[in-house]
Amino acid sequence: PLKGVSLFATYAEGYRAPAITETLMSGIHPAPAEFKLLPNPNLRPEVARNLEGGVNFKYDNIVSSQDSFRAKLVVFRNKVNDYIDMIAVDDPEDPDCGDTCPRMYANIANATIDGVEFEAIYDARSWFLGLGAHRIRGENADTGAPLATIPADQVTLTFGMRAFDEKLVAGTRMRFVASQDRVPLEEDGDPLVDPSDGYGIVDLFAHYALNENTILNVNIDNLFDKEYRQYRDAENSPGFSARVGLTMRLGVQ
């Protein structure tokens, strides 16, 4: 409708057969969350009807003759029949099992997932700045209970620079993740999956093109050795870690 602005909308229907890990997985979940995992070979496939719409922004030569700006905003709403999610199952041998009650994957009659996603990047060639964010909600449309598989809200900010004829690209990435306490509850009121606290992580990255066939990579994750746990993980995520890599292409003419 305007220069640099485009609108879009999509309607799609999807089909997903249950995975083997959802139908046949059984045994005891590893510590510290020790509970029985029950198989469910009678799982039905998911059938989804998805509607999304959004707007794209594309501008060049804004401040200088080489810079550019790109952005995309998307809103979506997915209705899923026979949605597959983990549920708690009563244990006749232990009516007060609490957190150790058996769990299995089951079909939820109707589920609704909606949200908004945004990403943008300004590139001035010598430096660049990017922003990404998402906010997603999901619930059992029949009971209003939240779904256990919805990720926490997140914002990611990336800043980088280029040097030496753009052979060197280096920068930092900051991830800010909100707490996730929208979880389904068992009959006794205990959460089916453990809620997670919010956290912020700072990463560093760099790669240098030694020549057109050889690239040196350096990544430092969790720079400040932050202690945190991602949603649905049983244990804390890794602390400070550093990786160095060399990529070479051989036999290139």
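Ser64 is partly exposed, with a relative accessible area of 34%, and its place is in the loop between S4 and S5. This is a predicted model, and the distances, angles and areas below are to be read with that in mind. Although Ser64 and Arg125 are 61 residues apart in sequence, their C-alpha atoms are 9.9 Å apart in space.

**Salt bridges**

- Side chains of opposite charge can pair when their charged atoms come close. A search of the whole structure finds twelve salt bridges, and three of these pairs are described here.
- Arg125, the residue compared above with Ser64, meets Glu166 in a salt bridge between their side chains, with a distance of 2.7 Å from N to O. This pair links distant parts of the chain, since Arg125 is in the loop between S6 and S7 while Glu166 is in the loop between S8 and strand S9 (168–177), 41 residues apart.
- Both partners count as partly exposed: Arg125 has a relative accessible area of 28%, and Glu166 has one of 38%. Through salt bridges that share partners, Arg125 and Glu166 are joined with Asp123 and Arg162 into one network.
- Asp60 forms a salt bridge with Arg70, in which the closest N and O atoms are 3.0 Å apart. Because Asp60 lies in strand S4 and Arg70 in strand S5, the pair ties together parts that are ten residues apart in sequence.
- The relative accessibility of Asp60 is 41%, which counts as partly exposed, and Arg70 is likewise partly exposed, with a relative accessible area of 30%.
- Arg16 and Glu22 meet through their side chains in a salt bridge of 3.3 Å, N to O. Here Arg16 is partly exposed, with a relative accessible area of 32%, whereas Glu22, at 12% relative accessibility, counts as buried.

**Aromatic rings**

- A pair of aromatic rings is described by the distance of the centres and the angle of the planes. Three aromatic pairs are found when the whole structure is searched.
- In one of them, the rings of Trp127 and Phe159 have centres 6.3 Å apart and planes at 35°, so the pair is classed as tilted. The two residues come from distant parts of the chain, with Trp127 in strand S7 and Phe159 in strand S8 (residues 154–163), 32 residues apart.
- Trp127 counts as partly exposed at 33% relative accessibility, and Phe159 also counts as partly exposed, at 37%. Together with Tyr122, these two residues form one aromatic cluster.

- In soluble globular proteins, nonpolar side chains tend to be buried together. In this model the largest nonpolar core has ten residues, namely Ala48, Phe76, Val80, Tyr83, Ile108, Ala111, Ile113, Ile136, Leu147 and Ile150, and strands S5 and S6 each supply at least two residues of this core.
- A second, separate core has six residues, including Phe35, Leu37, Ile84 and Tyr105.
- Leu51, whose place is in strand S4 (residues 46–60), touches Thr10, Tyr11, Val75, Phe76, Arg77 and Asn78, not counting residues up to four places away in sequence. The C-alpha atoms of Leu51 and Arg135, residues that lie 84 places apart along the chain, are separated by 16 Å.

**Nonpolar surface**

- Leu73, Val75, Val116, Phe118, Leu131, Val155 and Phe176 form a nonpolar patch on the surface, and together they have about 500 Å² of accessible area.
- Strand S5 (68–88) and strand S6 (103–123) each supply at least two residues of the nonpolar patch. Val75, a member of this patch, is also one of the residues that Leu51 touches.
- Another member of the patch, Leu131, has its place in strand S7 (residues 127–140) and is partly exposed, with a relative accessible area of 34%.

Conventions. Residues numbered from 1 in each chain as written. Predicted model: local features only at pLDDT ≥ 70, side-chain atom pairs only at ≥ 80, totals over all residues. Heavy atoms only, no water. Patch = residues over 30% accessible without salt bridge, like charges linked within 9 Å, V, L, I, M, F, W, Y side chains within 5 Å. Areas by Shrake-Rupley, 256 points an atom, 1.4 Å probe, with all protein chains shown as cover. Salt bridge = Lys/Arg side-chain N within 4 Å of Asp/Glu carboxyl O. Helix = DSSP H or I, 4+ residues; strand = E, 2+ residues; numbered from the N terminus. Buried < 20%, exposed > 50% of the residue type's maximum accessible area, 1.4 Å probe, protein only. Core = buried A, V, L, I, M, F, W, Y, C linked by side-chain atoms within 4.5 Å. Phe/Tyr/Trp six-rings, centres within 6.5 Å; stacked < 30°, edge-to-face > 60°. Contact = heavy atoms within 4.5 Å.
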